[in-house]
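Subject: Handover of a structure

Dear colleague,

Please find below the structure that I am handing over to you. My notes on it follow.

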Amino acid sequence: MFFIAIKNLFQEKTKLAISVGGVAFAVLLIIIINGVYQGFNEKMGAYPKSIPADLWVEQKGVGDMYHTLSFLPDNLEWQFLNIDGVQSADKYLGKQVMFDLKGKDQTLFIVGIDNSGATKPYKMVEGSWQNLQNGQIIIDKTMAKEAKLNIGDTFDMNGQTLEVRGIASGGNVISFKYAYVTYDQAKNMFNLGDKVNFYLLKLKSGSDVSQVKSDIESNIPEVKVLTKDQFVDTSRKVVTESFLPIIAVLVAIGLLVGTAVIGLTTYSATIEKSREYGVMKAIGLSNSQLSKTVIIQSLVSGIIGYIVGAILAYVIGFLSESIVSSFVTQIRPIDLLWVFGATILMSLIGAYIPMKRISSIDPAEVFKS
Amino acid sequence: MAILEIKNLTKTYGSGHTKVKAVDNVSLEVNEGEIVLIMGPSGSGKTTLITMAGALLKPTSGDIFLKGQDISKLSEKQLPKVRLQELGFVFQSFNLLASLTAQENVAIPLIAAGHKKSKALLKAKEALEKLSLGDRLNNLPRNLSGGEKQRVSVARALVNDPGIILADEPTANLDSKTGHEVMELLCSVGCQEKKAVVIVSHDGRLKDIANRVIWFEDGRITKIEDGKHNQMCNHIVHG
Ligand SMILES: Nc1ncnc2c1ncn2[C@@H]1O[C@H](COP(=O)(O)OP(=O)(O)OP(=O)(O)O)[C@@H](O)[C@H]1O
Ligand SMILES: [Mg+2]
């Protein structure tokens, strides 16, 4: 029955275009929205993920790096090193700073770095992070582009003059951008006194992560220990929690639009051809054979729509990323897969009412001319 | 041998005072190779009768035996197979599928019966060549003349080798010349293909190809005449 379906489908080019367009729109919407979400999610976790630490130690009762600040005494290192399995302990200073740059609000997440490289920038594109001096800063390339800053330029941040020493990439997470100053400068800037924000621990190879974790927590009562994955996850939750409902609503709208369009066009194509379906029934085709032709029509237009929509999503994602650098989309194979599944579902739901309609056609009608 | 045997067949539409007895206690036999023409005024129940014989409408009472099987007792699920294998239909308005070529239209019953598409298309081609439509295989119905369309639909009706062909007003939409060609074609379906043929028509010329002409009025048979089938057959066979 495949070829009848295909012939019917391609004979009605306008209808085919409408249902392909409808599905393509839905698929495009879903993939882009989801891609922006995933891109955001990925970016959010990219920097903490790149930091070579096995465990993150924070103040007990603090959520994540971005929402609430964690404060720990700056003299805990030896206590960590005393615990079996801990190889090294580095201090981490990081805080969100807002200031006015050339008349525009800028939000940076400033990280203090030292020559150990424990908290070095995600990726350098110009200059280097080694031997960073007080009064110097490494900024993200998106900030450099937006504010037209080059290496050697200076700018004012809340009363402090900073010289651009290097440019890094991968530090643009939409609501803020990473920037890096020396450890001492960060400590001054954040008014930390004898506190630090986190400790980053590396473990000796072969040590049991959960054992070390519980040893630390029972020996040093004011800390909470997170594995690297846990820490990256809590950093991402900032995005997940606030955006997920909106994403879900938009995806649902996409699915509804796609299903409605494919359903309506399949239905109207079925109504228009109802006499022909009657003829096929009279000749001896069974309801299930005719249902198959409807399902194939709906599936084929759905799949074509999916391909068109997915290609458009890639093109639009690529174009907008190169025009607006803070617009990051990440289209993962798994997303393409579930959207494909959703397309198949849309097609099957869209075919349901037309199928019901066909099974109610009375073949005796074909003798009435 | 009787291909079609109708016994005490009755069909009533509606109920109460809108009740219509479209077919009223009709009995009839049609044999292999025999052409029966049913004539009668409008509304006399001809289409209702042929629709029941075609397993498309359940009778109110009575039996319809097709090659000995009582099709009036079959379930909805069993009927498509009977229509596909034992019955061939020819309609007044041809009823070809608009998006398929002549060849594909003829292949449909074969594909529905489970033949591979390639084999079905080959058989369809042979069937159309036999009806001198070999040069029209890839035409869509809209690019065929009325006579050609009706020949394609006869080919479609014959392609699964059914026992009986049912035709409702097969010449009504054709001019008199092409109508005559279709008549001759139906005649040879009887004398050469040895099919039983039941034709419903107002077209008196069809008496020339019928073995029997049955007159219908108010759902009943009122008169049976002999047709001129044998003369026509001789004429076709011997030119
Ligand atoms: N589905 C139906 N419901 C109710 N009445 C019907 C239905 N089909 C046919 N009838 C009635 O049954 C009677 C016989 O109709 P039928 O179509 O069989 O006549 P016919 O001999 O084929 O007429 P014509 O020569 O005009 O085609 C008519 O009175 C018609 O109005
Ligand atoms: Mg009629």
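What is the mean pLDDT of chain B, and what share of its residues reach 70 or more? The mean is 94, and 100% of the residues of chain B reach 70 or more; pLDDT is the predictor's confidence in each residue, from 0 to 100. The model scores ipTM 0.94 and pTM 0.79.

This is a predicted model, in which local features need pLDDT of at least 70 and side-chain atom pairs count only at pLDDT 80 or more, while totals for chains, interfaces and linings use all residues. Residues are numbered from 1 along each chain as its sequence is written, chains are lettered from A and ligands numbered from 1 in the order in which they are written, and side-chain values use heavy atoms, with hydrogens and water left out.

The disulfide

Over all chains, the structure holds one disulfide (a pair of cysteine sulfur atoms within 2.5 Å). It is formed by B:Cys191 and B:Cys233, whose sulfur atoms are 2.3 Å apart. The pair links distant parts of the chain, 42 residues apart: B:Cys191 belongs to helix α6 (residues 176–191) of chain B and B:Cys233 to helix α7 (residues 229–237) of chain B. Helices (H or I, at least four residues) and strands (E, at least two) are DSSP runs, numbered from the N terminus. The link is left-handed, with -120 degrees about the S-S bond.

B:Cys191 is buried at a relative accessible area of 16%, and B:Cys233 is buried at 8%. Here buried means under 20% relative accessible area, exposed over 50%, and partly exposed in between (1.4 Å probe, protein chains only). B:Cys187 is in no disulfide; its nearest cysteine sulfur, that of B:Cys233, is 4.1 Å away. B:Cys187 is also buried, with a relative accessible area of 0%.

The sheet of chain B

Six strands of chain B form an open sheet with mixed pairing, in the order β6-β7-β8-β3-β9-β10; two strands pair if DSSP finds at least two bridges between them. Because β6 (87–90) and β10 (220–226) of chain B each have a single partner strand, one side of each is left without a neighbour in the sheet. Within the sheet, β3 (residues 35–39) and β9 (residues 212–217) of chain B run parallel and are joined by four bridges. B:Met39 has B:Trp215 in β9(B) as its bridge partner.

Helix α2 (residues 79–86) of chain B lies across β6 and β7 (164–168) of chain B, at about 75 degrees to β6(B). Contact means heavy atoms within 4.5 Å; axes are lines fitted to C-alpha atoms, for helices over the stretch in contact, and angles run from 0 to 180 degrees between N-to-C directions. The buried residues of α2(B) are B:Leu79, B:Pro80, B:Val82, B:Arg83 and B:Leu84. Their cover includes α8 (274–283) of chain A.

The nonpolar cores

The largest nonpolar core has 99 residues, and B:Leu4, B:Leu49, B:Ile164 and B:Ile199 have the most contacts inside it. Such a core is a set of buried Ala, Val, Leu, Ile, Met, Phe, Trp, Tyr and Cys residues joined through side-chain atoms within 4.5 Å. Another core, of 41 residues, lies apart from it and includes A:Ile110 and A:Val223.

Two loop residues of chain A

A:Lys102 has a positive phi of about 50 degrees although it is not a glycine. A:Lys102 lies in the loop between β3 (86–101) and β4 (104–113) of chain A and counts as exposed at 59% relative accessibility. A:Asn191, likewise not a glycine, has a positive phi near 55 degrees and is exposed at 70% relative accessibility.

Yours sincerely
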